[in-house]
Amino acid sequence: MSEPRADHGDVIELARTGLESSASTSATITDVKHLASYNWIEASSPTIAVPGSPARWSPPRGSRQVRKDSGLIYIAQNAARHPSSPLEPLFRSLFIEQPSFDISSVDVVTDRNNIRKLLSFINPSLGKNGEPFTIQVDMAGQTAIFCRDETATTEVIRPDEFRGYGHEFEKAYTVSQIRGSTGHHRVISYRLGGLNFLVRHETDGYVEDVSLVETDTKSTEDNLVNSLRSLSLSAEGITSAETPASSILTIRREGVVVPRESTLEIKTRVSHKPLALREVAPQLWVSQTPKLIRAYHQRGKFAAPEVEDVTAAVKDWEQSHQEDIKKLVALISRILQLTRDWSGSSTIRYNPINDRLVVERVKRKKALPDDLYTHWSRTHPDSSSSAQV
């Protein structure tokens with residue numbers, strides 16, 4: 001791939017041109033697995049519940065008037081609640097639920113948001129056109145850990161402002177399953193273009209009605225039914241809180257594993273502006289979310305919404321955007337090559353003025369508490385020296 005500028009080997013500019021030549025012949029997501037999940041809990045110190053649970057979809061009958069959104073809104077809740085290590089909850093929940101997971105086999109650990117930003121660089125029509133962004137990259141062994149870097153992690157909607165009805169709609173149409181929850185996050189793995197990804201994303205809810213969930217086998221359906229039936233939120237099912245010795249993060253053992261097949265994304269829109277699937281397909285594709293609710297309103301009064309299974313539609317979108325996805329794989333592969341060569345820490349910045357990605361080697365404190373790096377050296381002892389960021 002062409003690289004217009006390189007300063008002392010520590011700053012590289014990447015352009016869209018040339019990405020095709022190194023693109024993988026395979027550009028479809030395969031081997032999708034749910035690995036872990038957690039909820040952020042409203043508390044005076046960073047606290048999560050593992051495995052937690054998404055909110056349960058529970059729509060009222062008929063239409064419903066919903067008030068407009070107001071107050072505190074999270075842009076990046078992990079960074080807002082745990083700024084010293086936004087990715088720590090991902091790894092804590094992962095190793096609680098999958099203690100023998102081979103993290104050294106993963107090429108990229110990332111939030112969904114980072115992949116969407118890189119995809120929007122490849123094709124600006126697939127994202128928010130022309131917006132600058134920054135992604136921090138830290139190496140642990142041969143694994144690149146991508147961390148969101150937002151200018152603001154929260155915003156406050158004042159009473160005189162109007163930002164839609166999305167958050168209030170979720171409150172009115174779903175039932176929280178975890179005490180004090182402020183958001184449910186999930187960790188999945190999959191392969192794309194020869195690379196192994198670990199992706200964290202937020203989920204709006206889940207569908208309890210198993211007739212809405214397509215399953216491949218009878219045993220999968222049985223597991224889903226049993227899992228949903230076993231959902232217990234009583235105090236008897238909660239163990240005492242845990243705090244890792246090298247961390248300020250408190251972990252509560254609470255909730256139940258909800259299958260990926262029942263999770264959903266909620267979108268609200270004024271009724272005279274229908275939401276096309278292509279507008280949300282990139283988001284659903286990155287997180288492999290199978291269910292979508294497009295809720296339409298007139299001045300905040302919502303008609304009865306429907307749960308759609310968009311699995312096939314998102315797969316069709318994937319097939320029709322092969323060139324974009326191949327370029328995305330090529331871009332991430334090039335970033336991996338650079339950051340592995342450099343080890344340590346790097347920063348990816350997109351500047352819309354010159355329309356280039358700049359990857360720069362930097363010095364930065366470690367992204368994770370020290371004890372988490374031992375998970376890389378357990379399976380590959382020789383990599384312990386490179387598992388520093």
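A: Start with a caution. This is a predicted model. The mean pLDDT of the chain is 87, and 85% of the residues reach at least 70. Where pLDDT is low, predicted coordinates should not be read in detail.

Now the strand itself. β14 covers residues 195-203. Of its 9 residues, 7 are buried, so the rest of the structure largely encloses β14.

Look at the strands beside it. β13, residues 181-192, runs antiparallel to β14. The two are joined by 9 bridges. β13 and β14 make a hairpin, with 2 residues between the strands. Gly 193 sits in that turn and has a positive phi of about 60°.

Another partner is β8, residues 108-111. β8 pairs with β14 in the parallel sense, over 4 bridges. Here, Thr 110 has Val 199 of β14 as its bridge partner. In a regular strand, side chains alternate between the two faces of the sheet.

Side chains link β14 and β8 as well. Arg 200 forms a salt bridge with Asp 111, at 2.6 Å from N to O. Arg 200 belongs to β14 and Asp 111 to β8, so this pair ties together parts that are 89 residues apart in sequence. Both ends are enclosed. Arg 200 is buried, at 1% relative accessible area. Asp 111 is buried too, at 8%.

The whole structure holds 27 salt bridges. Among them is the pair Glu 150 and Arg 148, whose closest N and O atoms are 2.9 Å apart. Glu 150 is partly exposed, at 24%, and Arg 148 is partly exposed, at 22%. Glu 265 and Lys 267 form another, at 3.5 Å from N to O. Glu 265 is buried, with 6% relative accessible area. There is also a network: salt bridges link Glu 155, Arg 158, Asp 160, Glu 161 and Arg 163.

Other strands hold buried polar side chains. Take Lys 291, in β18, residues 291-298. Lys 291 is buried, with a relative accessible area of 1%. Its side chain makes a polar contact with the side chain of Asp 309, at 2.8 Å. Then take Ser 345, in β21, residues 345-351. Ser 345 is buried at 4%. The side chain of Ser 345 makes a polar contact with that of Asp 138, at 2.6 Å.

Follow the chain back from β21. Helix α8 spans residues 322-342. Its 21 residues should span 30 Å at 1.5 Å a residue, and the C-alpha atoms at its ends are 30 Å apart, which agrees. Just after α8 comes Ser 343, with a positive phi of about 55°. Ser 343 lies in the loop between α8 and β21. At 30% relative accessibility, Ser 343 is partly exposed.

Most residues other than glycine have a negative phi, and most peptide bonds are trans. Arg 299 also takes a positive phi, near 50°. Arg 299 is in the loop between β18 and β19, residues 301-302. With a relative accessible area of 77%, Arg 299 is exposed. For a peptide bond, go to Val 50 and Pro 51: the bond joining them is cis, with omega about 0°. Pro 51 falls within strand β4, residues 47-52.

Gly 130 sits in the loop between α3, residues 112-122, and β9, residues 133-140. Gly 130 is partly exposed, at 43% relative accessibility. Tyr 350 is 220 residues away from Gly 130 in sequence, yet their C-alpha atoms are 9.1 Å apart in space.

Back to the strand you asked about. β14 pairs antiparallel with β13 and parallel with β8, and the salt bridge of Arg 200 with Asp 111 links side chains of β14 and β8.

Note on methods: Residues numbered from 1 in each chain as written. Predicted model: local features only at pLDDT ≥ 70, side-chain atom pairs only at ≥ 80, totals over all residues. Heavy atoms only, no water. Buried < 20%, exposed > 50% of the residue type's maximum accessible area, 1.4 Å probe, protein only. Pairing = 2+ DSSP bridges. Polar contact = N/O pair within 3.5 Å; in protein donor to acceptor, adjacent residues only side chain to side chain. Salt bridge = Lys/Arg side-chain N within 4 Å of Asp/Glu carboxyl O. pLDDT = per-residue confidence, 0-100. Expected span 1.5 Å × (residues − 1).
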